[in-house]
Amino acid sequence: MKHGTVTINYTEHTSADALSAADRHLVDEAHAAALRAYAPYSRFMVGAALRMADGRQVTGNNQENASFPAGICAERTALHAAMSAQADGRVEVMAIIVPAAKGERPVAPCGICRQALLEQEFRQGGPMRLLMAVPGGPVVELASAKDLLPFSFDATFLNP
Ligand code: THU
């Protein structure tokens with residue numbers, strides 16, 4: 001028998017003010033995007049904003065549907081918009097925020113989004129940073145989306 005331990009490293013910034021100007025701007029863009037979300041069913045508005053290696057910024061928000069599973073999260077809206085415009089693009093960093101969130105806990109991407117973000121890291125051959133933010137609270141930074149998904153399924157299983 002063998003026991004294992006998975007360690008995840010993250011940085012908690014006391015607030016968005018502690019970020020670089022570029023990252024702070026991204027959090028602001030994610031916040032603005034959240035306010036444009038279409039979330040009449042959950043009333044849970046989420047915003048995402050990413051910066052590409054060439055400096056271009058792309059935003060996304062959740063888009064819900066009366067047929068609930070047809071809805072899509074903010075993170076994948078932003079990611080797919082970015083990559084549909086620039087097939088060889090590289091996402092450096094993505095900020096995620098829920099403006100209405102109460103308390104000190106930044107929102108974390110759902111499981112499906114984690115899988116999609118992981119695919120993007122595989123696609124671009126390198127990590128993307130994640131900034132999980134909450135208004136007036138801390139920002140949790142991860143160096144790679146992979147940190148959110150240990151024991152993950154990826155293309156290496158399909159093409160061993
Ligand atoms: N949602 C996101 O957009 N991103 C997340 O990280 C968590 C959940 C959306 C999906 C749905 O429209 C609403 O939030 C409630 O789950």
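Which residues of H2 are buried? They are Ala 74, Glu 75, Arg 76, Ala 78, Leu 79, Ala 82 and Met 83, where buried means under 20% relative accessible area with a 1.4 Å probe, protein chains only. Keep in mind that this is a predicted model, in which local features need pLDDT of at least 70, side-chain atom pairs count only at pLDDT 80 or more, and totals for chains, interfaces and linings use all residues. Residues are numbered from 1 along each chain as its sequence is written, and side-chain values use heavy atoms, leaving out hydrogens and water.

Helices and strands here are DSSP runs, of at least four residues (H or I) and at least two (E) respectively, numbered from the N terminus. The buried residues of H2 pack against strands S2 (47–52), S3 (57–61) and S4 (91–97) and helix H3 (111–124), with contact meaning heavy atoms within 4.5 Å.

Now to the sheet. Its 6 strands form an open sheet in the order S1-S6-S5-S4-S2-S3, with mixed pairing; two strands pair if DSSP finds at least two bridges between them. S1 (11–13) and S3 stand at the edges with a single partner strand each, so one side of each lacks a neighbour in the sheet. S2 and S3 run antiparallel and are joined by 5 bridges, and Ala 48 stands opposite Gly 60 in S3.

Finally, the ligand. Its polar contacts (pairs of N or O atoms within 3.5 Å) include these:

| Residue | Atom of the residue | Distance to a ligand oxygen atom |
|---|---|---|
| Asn 62 | side-chain N or O | 3.0 Å |
| Glu 64 | polar side-chain atom | 2.5 Å |
| Ala 74 | backbone N or O | 2.9 Å |

Definitions and conventions. Buried means under 20% relative accessible area, exposed over 50%, partly exposed in between (1.4 Å probe, protein chains only). A polar contact is a pair of N or O atoms within 3.5 Å; within protein, one must be able to donate a hydrogen and the other to accept it, and residues adjacent in sequence count only if both atoms are side-chain atoms.
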